[in-house]
Amino acid sequence: MLTLTSPIETPLHELPAAAKLAALAGFTFALFLTGSPLWLGAALLLVAALHLTGGPRFARHGLAMLRPLWPFVAVVALWHLWVGSPAAGLAVILRMLAAVAAANLVTMTTRLSDMISVVERLAAPLAPILPPRRLALAIALVIRFVPVLSGRIDQIALAFRARSARRVSWRILAPAALAALDDAEHVAEALRARGGAG
Amino acid sequence: MERSLAHIALFAALIAVLGLVPKIDLAAGIPITAQSLGIMLCGTVLGARRGGLAVLLFLLLVALGLPLLSGGRGGLGVFAGPSVGFLIGFPVAAFVAGWVVERTTLAPLWAAMCGAVLGGIGVLYAFGIPGMALMLDKSLTEASYLAMAFLPGDLIKAVLAGFATQAIAKARPGALLSRA
């Protein structure tokens, strides 16, 4: 399945995932310490410069990942223009863009396998209640079953259309959930037959 | 053990798939993302503990960088955005929805509907609104105005979650783990 990791190799891909995550945490925390548009603008410029180290195509992709934020930008901008505090509004918008863009940058430059090994290391102290093998198995099962369930829902929708002239609607919800329940029983049986989930 | 794990993983996948299908038109052809419906169903069908864990697993995969949130969003960026409160509230919402179904003796339809309203709307907004207020630097009242835009859609979803849970209870009485 597709991940959000960028196929365009950048120098940032080479850095260890844990270091990037720690830097991101520090950066995001720092963003909330200041309310000055000047500092926040500088932070956003820094993130933009880091995006540009991956070349123009990489940077454009990063910009596209910010698209879901535009409605919030519009609402905040209109609100602050209305109450007459444009500087405060600018700070909020800059902080939001910088925080999200920085987090996206880490996601775009870190492979799924590297992310998973960081999670494994972080989850190590939880081993008595959550064995790492079980967590890895759960992650793998979800990744495997998203396309499977997606195909099942398409089939259910086709069957619905064959029987009814009405639009496919929420009516396929219960069959979809039943499909997930049935698949879960089969997976559980298969796991038990192969020696359990560890 | 294997059964719990399989249910948790499969329902985490179901949440993702419901977010990927933009084809589900609700009544009157309004396309509403079915993702939060998936969150409600996790609780009402799997019960509090397994439902909450399924949502946590789903969020972990989103954080790892899989584009599983509705609209193909994902990665760490969504946890730095204005909707972070809603994401944090998701597992708690599923837990509360499941808890209501487990602890009441109402018929599945009403139990699930109440659970979905309490968990999927009450609890979820209790996390989402402060999150939005913090990230957008607004007061709680101002943030709740923004959240009110989602209320009609979420009420419809709570009703649908009730009906879906009832249909599952009828088709596979033993499969409704929240009542098992």
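View 1. Chain A is divided into domain 1, residues 1-110, and domain 2, residues 113-198. The model shown here is predicted. The C-alpha centres of domain 1 and domain 2 of chain A lie 32 Å apart. Where these domains touch, domain 1 of chain A supplies 5 residues and domain 2 of chain A supplies 6 residues. On the side of domain 1 of chain A that touches domain 2 of chain A, 4 residues are nonpolar, 1 is polar and none is charged.

**View 2. The helices of chain A.** Chain A has 8 helices and 0 strands. Along the sequence this gives the pattern α-α-α-α-α-α-α-α. The globule rule gives 16 Å for 198 residues, but the radius of gyration of chain A is 23 Å, well over that value, so chain A is more spread out than a compact globule. The C-alpha trace of chain A spans about 60 × 50 × 35 Å along its principal axes. Of the 198 residues of chain A, 33% count as buried. Among contacts in chain A between residues at least 6 apart in sequence, 72% join residues at least 24 apart.

**View 3. The contact between chain A and chain B.** Chain A brings 57 residues to this contact, and chain B brings 51 residues. Several helices of chain A each supply at least two residues of the side that touches chain B, among them helix 1 (17-31), helix 4 (70-83) and helix 7 (132-163). Helix 8 of chain A provides the largest share of this side, 13 residues. Sorted by class, the side of chain A that touches chain B holds 44 nonpolar, 9 polar and 4 charged residues.

**View 4. The largest nonpolar core.** The largest nonpolar core has 118 residues. The residues with the most contacts inside this core include Ala98(A), Val142(A) and Ala177(A), together with Ala9(B), Ala12(B), Ala13(B) and Leu14(B). Helix 5 of chain A gives the most to the core, with 15 residues. Both domain 1 (1-110) and domain 2 (113-198) of chain A give residues to this core, so the core lies between them.

**View 5. The surroundings of Ala12(B).** Ala12(B) is one of the residues with the most contacts inside the largest nonpolar core. Leaving aside residues up to four places away in sequence, Ala12(B) touches Val142(A), Ala54(B), Leu57(B) and Phe58(B). Val142(A) is also among the residues with the most contacts inside that core.

Conventions: Residues are numbered from 1 along each chain as its sequence is written. Chains are lettered from A and ligands numbered from 1 in the order in which they are written. This is a predicted model: local features need pLDDT of at least 70, side-chain atom pairs count only at pLDDT 80 or more; totals for chains, interfaces and linings use all residues. Domain bounds come from an automatic or database domain assignment. Two residues are in contact if their C-beta atoms, placed from the backbone, lie within 7 Å. Ala, Val, Leu, Ile, Met, Phe, Trp, Tyr, Cys and Pro count as nonpolar, Asp, Glu, Lys and Arg as charged, and the others, Gly among them, as polar. Helices (H or I, at least four residues) and strands (E, at least two) are DSSP runs, numbered from the N terminus. The radius of gyration is taken over C-alpha atoms; the globule rule is 2.2 Å times the number of residues to the power 0.38. A residue is buried if 20 or more other C-beta atoms lie within 10 Å of its own, exposed if 12 or fewer, and partly exposed in between; C-beta atoms are placed from the backbone. A nonpolar core is a set of buried Ala, Val, Leu, Ile, Met, Phe, Trp, Tyr and Cys residues joined through C-beta atoms within 7 Å.
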